[in-house]
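Subject: Structure for you to look at

Hello,

Here is the structure I said I would pass on. Please open it and keep it beside this message while you read.

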Amino acid sequence: MVGDAISHAVLPGIVIAFLFTGSRDSIPMIIGAGLLGVLTTFLIEFFHRYARVQADASIGITFTWLFAIGIILISVFAGQVDLDQDCVLYGEIAYVPLDLWLTENGLSFGPQTIWTLGFVTILIIAFITFGYKELFLTAFDPGYAAVIGISTTLWYYLLMTAVSLTTVASFESVGAILVVAFLVGPPATAYLLTDNFKTMLVLSVIIGIIASIVGYYLAYWLDGSIAGAIATVTGLQFALAFLFSPTHGQLFKRKRTIAV
Amino acid sequence: MKEFLEFFSFADANIRYVTIGSVLLASSSAVVGCFTLLRKRALVGDAVAHSVLPGVCLAFIVSGTKNPLILLFGAFVTGWLSLILIDYITSRSRIKEDTAIGLVLSVFFGIGILLLTSIQHSGNAAQSGLDKFLFGKAASLVGEDLIVFGAVAVLLLITTILFYKELKLLCFDVTFAKSIGFPVRSLELLLTTLTVFAVVVGIQAVGVVLMAAMLITPAAAARFWTERLGVMLALAAVIGAFSGISGAFVSYTAPAMPTGPWIVLIVSMVAILSFAFAPKRGWVARMLRRRHNKIQILEENLLKLFYQLGEQHEDYFSNRTLDNILTRRNIPKTQALNGLSKLKRQGYIQRHPDGWALTREGEIRGKRVVRLHRLWELYLTQYLQLASDHVHEDAETIEHIITPELEQKLMEELNYPALDPHHTKIP
């Protein structure tokens, strides 16, 4: 759920970055959103640990608060901000090819978003490859990780920065809410299919890719939002895994209990 | 000021609608939110809010009209379904609850967006306005909406009052509720239904994302001020109503301002101030308490040192220098001096040119600490069979906590002993 919270809470960061630079340039926006992402994580922790607010409530309060600030900022500077609420909430991936990255002498490098997303993807892959051991340990055995000298707090915040980065990069294309489907769906599906962490990583990437392709055609067929369609497919995939997974599926579980 | 008066005279029908609508909505969802918060399910409101969208779209596709009742019905069905699904996924697989919530809400929302865009692209002229479910339209509430809001608010309040005892038990002790024969499953279903109701109606005013705040933020703020459920419910409703009015006021003075986000902003500020400054549970109050405890411990430790020095020399009231005092225990010098001057002000010690000396009161308090320490050591060795060299650390802590009543009990239990396990006298 922290991913969900971050994806909503980065909104003021994006708006502020936009107000400072006056352009829809990706880099300042990513920085602004990244900062807000870390701030969100910090606030959630702070409310929970120091003010003893229940964990789920502290998440809910933080992100709605920041999101409200974001919307208000948009309304205050409505004349100057070329962002609208619809785009923030559900984006439109179909416009990606229209936003080309042109150099000053007119050379086209293709859609700008592809470059941003590509860069972020490489960054994330690098982050996971180099930090694999630390991330793995922090996720599964924070106690042991702390004993062998890994700063769990540092890695937690790094991971959350990565989450914010991904969120912001996907923001323009899919919006703040559907990015959650992409963050949570494939891993949850993979989690039902395997017990090995590495397999789970690879599997979730494959599931994500399949969802995007199938989703695209579904959207084309229904003449609807592509992001929405991808999220729908993600849900279907999870439902399939939930029912038919060889190890954790509902059907096999039932059969097994009957056989016993 | 003029605007203020204008607003609060409620002469303008529109102001009246917006304000009353916001207040009804904010306070009724705050009351329901208290229960979801206490059941540690604060985020389900968020899930329901997002899951409402496909229901609205489906209802529109099926019926072809924008009749609010039909749309609300559709919203209700999918909102409810999403909660059932979350429960089902969490109980039947190893997916954790927060993952299930995130998954269900985003997938439902995705389906909703897919349907919504599909409807919009289909060129059906009647579709415009469906997206008010996304962002809310508190500022354009009209009389009709008010009737719906009012009805739902009254319904929610009445149900809460009728089932107050049952819901209370459900929040605090499910096992007990089960054992005395309460229909726990149906009660849970009732609470779910209430939540969905509050969300479905509220969402039209504040929109998908902010609906979660209307449920949990007032409840969380109220939780910091009281330990009683009844008070908490009332307080949450008041906080909700207050932010409802303020939000309406802000958007009245500055027409470009969206009402919903302002309501949420104000309610969040109230909540954050409550987290910080509420008496007892607030952050500041806890910090102060901790500091107070620390000072008390320091003072008692110093007095204890005086007393122990007195025991050594069999003379409790003569001068001790600072070095003298700190030989037995390593307290940082500045801290010790601080504590000493505090003790002087309270009249427990007196300042002399070359040091400090206990007063009569100081001697009594120091003696008591030493006695408690030794009593506890004895108690541990006699009743828990701990070795006598293991009990000191524990006694160091407990000596500051034991109350006079407990002291009396200990004395009785140990038969008014004279010596501690190290064979020193218990004063």
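Below are my notes on the two chains and on how they meet.

The model is predicted: local features need pLDDT of at least 70, side-chain atom pairs count only at pLDDT 80 or more, and totals for chains, interfaces and linings use all residues. Residues are numbered from 1 along each chain as its sequence is written, and chains are lettered from A and ligands numbered from 1 in the order in which they are written.

Chain A

Chain A has 12 helices and two strands; helices (H or I, at least four residues) and strands (E, at least two) are DSSP runs, numbered from the N terminus. Read from the N terminus, its elements go α-α-α-α-α-β-β-α-α-α-α-α-α-α. Chain A has 260 residues, and 43% of them count as buried. A residue is buried if 20 or more other C-beta atoms lie within 10 Å of its own, exposed if 12 or fewer, and partly exposed in between, with C-beta atoms placed from the backbone. Helix H2 (residues 11-21) of chain A is mostly covered, with eight of its 11 residues buried. Among them are A:Leu11, A:Pro12 and A:Phe18.

Chain B

Chain B is divided into domain 1 (15-212) and domain 2 (286-413), with bounds that come from an automatic or database domain assignment. The C-alpha centres of these two domains of chain B are 59 Å apart. B:Gln312 is found in helix H14 (residues 283-313) of chain B. B:Gln312 is exposed because it has 9 other C-beta atoms within 10 Å.

Where the chains meet

The contact takes 47 residues from chain B and 51 residues from chain A; two residues are in contact if their C-beta atoms, placed from the backbone, lie within 7 Å. Which helix gives the largest share of the side of chain B that touches chain A? H5(B) does, with 16 residues. That side of chain B divides into 31 nonpolar, 11 polar and five charged residues. Here Ala, Val, Leu, Ile, Met, Phe, Trp, Tyr, Cys and Pro count as nonpolar, Asp, Glu, Lys and Arg as charged, and the others, Gly among them, as polar.

The axes of helix H11 (residues 226-244) of chain A and H5(B) come within 7 Å and cross at roughly 135 degrees. Axes are lines fitted to C-alpha atoms, for helices over the stretch in contact, and angles run from 0 to 180 degrees between N-to-C directions. H11(A) is therefore oblique to H5(B): angles under 35 degrees count as roughly parallel, over 145 as roughly antiparallel, 65 to 115 as roughly perpendicular and the rest as oblique. The residues of this contact of H11(A) with H5(B) divide into nine nonpolar, seven polar and no charged.

The axes of helix H4 (residues 55-76) of chain A and H11(B) come within 9 Å and cross at roughly 120 degrees, so H4(A) is oblique to H11(B). A:Ala57, A:Gly60, A:Ile61 and A:Thr64 in H4(A) meet residues of H11(B) including B:Ala212 and B:Ile216. The contact of H4(A) with H11(B) has six nonpolar residues, three polar and no charged.

Regards
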